[in-house]
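Here is a short briefing on one protein model. Look at the structure first, then read the points below.

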Amino acid sequence: MENSLLITGASQLLTLRRVGPRRGDSLSNLGLIKDGALLVRDGVIAAVGTRAQVEALPEARVAEKLDLGGRVALPGFVDSHTHLIHAASRAEEYELKIAGASYEEIARKGGGILNSVKKLRAATAEELKKRAKAALRQFAAYGTTTIEAKSGYGLDVASELKILKLHKELATEQPLEIASTFLGAHVVPEEYRKKKDGAERYIKMMEENLLPEIAQKRLAEFCDVFCDRGAFNVAQAKRVLQAGRQWGLEPRMHAEQLSHTGAAQLGILLRAASCDHLEQLNKKDVRAFGKSETVATLLPGCDFHLGLKKYAPARELIEAGAIVALATDYNPGTSPTLSMPMILSLACTQLRMTPAETIAAATINGAYALGREKRVGSLEVNKQADVAVFEVADYREIPYYFGVNHCWMTLKRGRVIHAANEPTT
Ligand SMILES: [Zn+2]
């Protein structure tokens, strides 16, 4: 069969098999198969098991062969929180932050998100697309095969639609899968800040002019709100997320990052797909996540880049039974990385998660956060053959070697989308 592919030679094949999100002890269950193999048919996994089991299948004999040479293979990472489309870096603010300016001080001086808004509005769709495509190639090079992407640097009708349309175009023009999120409620834009009830007027504008068009053109699956000090309060966040849901967009939130506002409890109440950040969670919040289907997505790259000392309470969340996911929060202001392996390293050392827990959080639980757990996030029959292969002997070495890319090959739907250069001898 010409569309069949037999993948062998995985010293450790991390299948992440078993339906449903991973909570508590099950977060460290990777479904590891030694000397594992996969049979892929038309981009979908047809069989998974040991080499002996899979090679015994009649179809395996006639399939195209790919030998991983004893490397470690796992599901492609599912990065469930990124701000893919932006116009430029904010390296100048990085320097100010190192000199002691706080994130909020920089925002008050017209820096921060509003700085990115100014640059995005001035950029053409072509420029933004070129930058995003380069980033997507890098995501693939670090083993990521599915991402979520948020708008939120446009903050007016034309610019927000420009970003969301790019998500849609990019989803068909390059191999990575993109889940599109409308984050109009990122901050209140400059032109509304001067007005009385500026935030309320801006929300009204989104309700009347943006959400109907986004829904009609199917430009987003999710609606997100940055609910925090200096952004939107809980009542405003609730209004935005309910409006989004009326237009068919599932809620998700930036919650409890800079201050404790009650955002996480709102997210849980609204059955949001995920609440992300969570550095300021209290014990009651942690318990609530343990009983909730809302994914607790942790973004340690953000705290690392900002030099903050307080990370999210990952161990407490895991012990409470929460569905914990990890994501990069790729964005120019607070987490300019698209390397999921780096996030795993940070999660191990700063969040005290085990290497196994970090891998489950960045694959199957990330898929769950995006409502894609039936198609991606694990290597099981009838799921997409999205595979990341690492040049290591043991999966624990993926977070152990930090700041170095050991991703040797990435496959999306059974097709190679990244291959490391062969070492020259
Ligand atoms: Zn974010």
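**Salt bridges and a metal site**

E191 is partly exposed, with 30% relative accessible area (buried is under 20%, exposed over 50%, partly exposed in between; 1.4 Å probe, protein chains only). The model is predicted: local features need pLDDT of at least 70, side-chain atom pairs count only at pLDDT 80 or more, and totals for chains, interfaces and linings use all residues. Residues are numbered from 1 along each chain as its sequence is written, and side-chain values use heavy atoms, leaving out hydrogens and water.

**Salt bridges**

- The structure holds 30 salt bridges (a side-chain nitrogen of Lys or Arg within 4 Å of a carboxyl oxygen of Asp or Glu).
- E191 pairs with R121, with the closest N and O atoms 2.9 Å apart.
- This pair links helix α8 to helix α5, 70 residues apart (helices are DSSP runs of H or I, at least four residues; strands are runs of E, at least two; both are numbered from the N terminus).
- R121 is partly exposed too, at 29%.
- K204 and E208 form a salt bridge at 3.2 Å, N to O.
- Both lie in helix α9, four residues apart, about one turn of the helix.

**Zinc site**

- The protein donors of the zinc ion are H81, H83, H254 and D329, 2.1 to 2.5 Å from it (donors are N, O and S atoms within 2.8 Å of the metal, or 3.2 Å for Na, K and Ca; water is not among the atoms, so sites may look incomplete).
- H81 sits in a loop between β5 and α3, and H254 in strand β9, 173 residues apart.
- H81 is buried, at 0% relative accessible area.
- H254 is also buried, at 4%.
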